[in-house]
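I opened the notebook today to record, step by step, what I looked up in one structure. The entries follow the order in which I went through it.

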Amino acid sequence: MTDVPVTLTRRRDTTAAAPALPSRRPPTAPASFHVLAKPTGPICNLDCEYCFFLSKEALYPGDRFRMSDELLENYVRQVLESQQAPEVAIAWQGGEPTLMGVDFFRRALELVDRYQHRGQTIQHTIQTNGTLLTDEWCALFAEHGFLVGISIDGPPALHDAYRVDKRGNPTFEKVQRGYDLLRKHQVDTNILCTVNAANQDHPLDVYRFFRDDLDAHHLQFIPIVERANDTGFQEGDQVTDRSVDPDAWGRFLTAIFDEWVGHDVGNVYVQTFDAALASWLGLPPAVCVFAETCGNAVALEHNGDVYSCDHFVEPAYLLGNIATTHMVDLLASPQQRAFGDAKRDTLPQYCIECDVRFACNGECPKNRFTLTPDGEAGLNYLCAGYLAFFRHIDGIMGLMADRLRHGGFADEVMAVLADAPRNEACPCGSGRKAKHCHGRT
Ligand code: SF4
Ligand code: SF4
C-alpha cells in the first residue's frame, strides 16, 4: 500500500489544527483510517506478471468496473465526515485509476471541496503505472498537490522483467515518459518498487538508478510474495518463482541501507528505514506492516464494497458496502477490529521472543504461512530477511534515535560515520572496523 510519507529522517515539520468532531462515530471506530479507493476495480492497461489484483476480476463477473458518480460522492462525504485526524488522505489506486479519465478526478476534487471540514488538510495521493499520464493529468496533480506513486522496478532491464503490457511488451519507456511529465510539472512523486526474483540481487543498481538517474527522493520497496495457487487468494504455503527470496530480501534492504546511511539521510526518504527509526524511538511506525496491530486501512471497490485490506480483497474479508452501511461503521465492526487485532494475537511464540519484534511485529499477516524452527504455524515467509536486516541496522538506528531524542537530526549520523577513523571500531557498535562497515571497503 502507498502510505503518505511522514518523514522522521528528513528535517521537516507539519502541524495542522484539529477538525471539528464529526457527529457520527461508533466508539470502536479508529480516530483516523486510510481508504484505498479503486475506481476501476482491478482493471488495468498493463499485465504485470506478479500483479495480485488482476485475478480479482472474477469477484465481479460481467461488471463494467467504473465507480459511479453517486458512489463517488458517498465515498468522499463519508471519509471526510468520519475522520478525527487533521490530515486526511484521499487515496486512489487500482488496477489503474487513470483509466477513469481526468474528469472523474476533477469531480472528486469538487466533492472534496464541498465536504471538507474546517481545519482538515487533504493529502491527495494516487498510485499509477504512469503509462497514461499526459500534461493534462500532471497539471491537475500539480495544481492540487497530489503525491503520485509511480511503479518502477529499477533500470529498464529489471523493470521490464515482469512489468509488461497486455501483449507482453516492455513498458519502461512509457513509464519514463510519464515520470518525466510529472517532473516537468513539479509533481511530488513516490517511487514504488516491487522487489522480486529479477531485481532482488541488484539492490545498488536499483537504488542508484532511482537516486542518480531519476533524481527520486521518496522510495518504497515492496517485497513480492505471490502465492502459487489457482484462486488468487491468500492460500497455501507455496510461492511462485517470481517471488523474492527471504534471504535476498534481507540483503537487498541491507545493501541499500548502507548506501543510504553513508550519503542520503535526509535527502532520500526510504519508507522502510523511516518506519524502522520510529520503532527505535518507541513510536508507532507509519507503515501498517510493521505496526503491532492493523485494520485501519481498508480497500474500497468500484461498487462500494469495502474489504479489510487491499491484500485481502476476498469474499471472507468483505465488510459490507458503503451504499448501505456507513464506512465508519464498517471500520468499527467487530469483524474488522478482530482482523486488525489478529496481527498481534496470532504471532507465533518465536516472534514473541524475537529480539527485533519491536520493529518487525511479524510483518504483514498475508505473508505468515511458514513454520517456525520448532514447527509452530504462522511465521512470516520473509522472517530470515527481516531478522538479518533489523539486526544489521540496530547500531545506526540507535545512534539516529539518540540524536533525535536530544534535539538533533537523523542526518547527523552521516558525519559520525564519515569521521570515524578507518581502522577503529565503527561507531555503530557492530564490532567491525569502520573501513569494513556499512558498505565501505
Ligand atoms: S493485512 Fe494488515 S499489515 Fe498487512 S497490508 Fe493489510 S493492513 Fe497492512
Ligand atoms: S524477524 Fe522473524 S521472528 Fe522476528 S518478529 Fe519478524 S517475523 Fe517474527
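Predicted model: local features only at pLDDT ≥ 70, side-chain atom pairs only at ≥ 80, totals over all residues.

**A hairpin**

Next I turned to strand β11 (residues 368-371) and strand β12 (residues 377-380), which pair in the antiparallel sense over three bridges. Thr 370 stands opposite Leu 379 in β12. The two strands, β11 and β12, form a hairpin with five residues between them, and in the turn I found Gly 375 with a positive phi of about 90 degrees.

**The whole chain**

I counted 14 helices and twelve strands in the protein chain. The radius of gyration of the chain is 21 Å, close to the 22 Å that the globule rule gives for 441 residues, so I wrote down that the chain is as compact as a globular protein of that length. The C-alpha atoms fill a box of roughly 65 × 50 × 50 Å, taken along the principal axes, and 48% of the 441 residues count as buried. I also looked up the contacts with a separation of 6 or more, and residues 24 or more positions apart account for 72% of them.

**Helices**

For helix α1 (residues 69-81) I checked the length: at 1.5 Å a residue its 13 residues should span 18 Å, and its end C-alpha atoms are 18 Å apart, which agrees. The buried residues of α1 are Leu 71, Leu 72, Tyr 75, Val 76, Gln 78, Val 79 and Leu 80, and they pack against β1 (34-37), β2 (87-92), α2, β8 (297-300) and α9 (327-332).

Among the buried residues of α7 I listed Trp 249, Phe 252, Leu 253, Ile 256, Phe 257 and Trp 260. As a reminder to myself, an α-helix has 3.6 residues a turn, so residues three or four places apart point the same way.

Is Glu 110 buried or exposed? Glu 110 is found in helix α2 (residues 102-115), and with 12 C-beta neighbours inside 10 Å it counts as exposed. From Glu 110 to Asp 215 there are 105 residues in sequence and 33 Å in space, C-alpha to C-alpha.

**Around the ligands**

Eleven residues lie around ligand 1, and those that come nearest are Cys 288, Val 289, Cys 294, Cys 309 and Cys 364. I sorted the shell around ligand 1 into eight nonpolar residues, one polar and two charged.

Around ligand 2 I found residues including Tyr 350, Cys 351, Cys 354, Arg 357, Cys 360, Glu 363 and Cys 383. The elements that give two or more residues to this shell are α11 (349-352), α12 (357-360) and α13 (383-405), and α13 gives the largest share, three residues. The shell around ligand 2 divides into eight nonpolar, two polar and two charged residues.

Key
Residues numbered from 1 in each chain as written. Chains lettered and ligands numbered in written order. Helix = DSSP H or I, 4+ residues; strand = E, 2+ residues; numbered from the N terminus. Rg over C-alpha atoms; globule rule 2.2 N^0.38 Å. Buried ≥ 20, exposed ≤ 12 C-beta atoms within 10 Å, placed from the backbone. Contact = placed C-beta atoms within 7 Å. Near = placed C-beta within 6 Å. Nonpolar A, V, L, I, M, F, W, Y, C, P; charged D, E, K, R; others polar. Expected span 1.5 Å × (residues − 1). Pairing = 2+ DSSP bridges.
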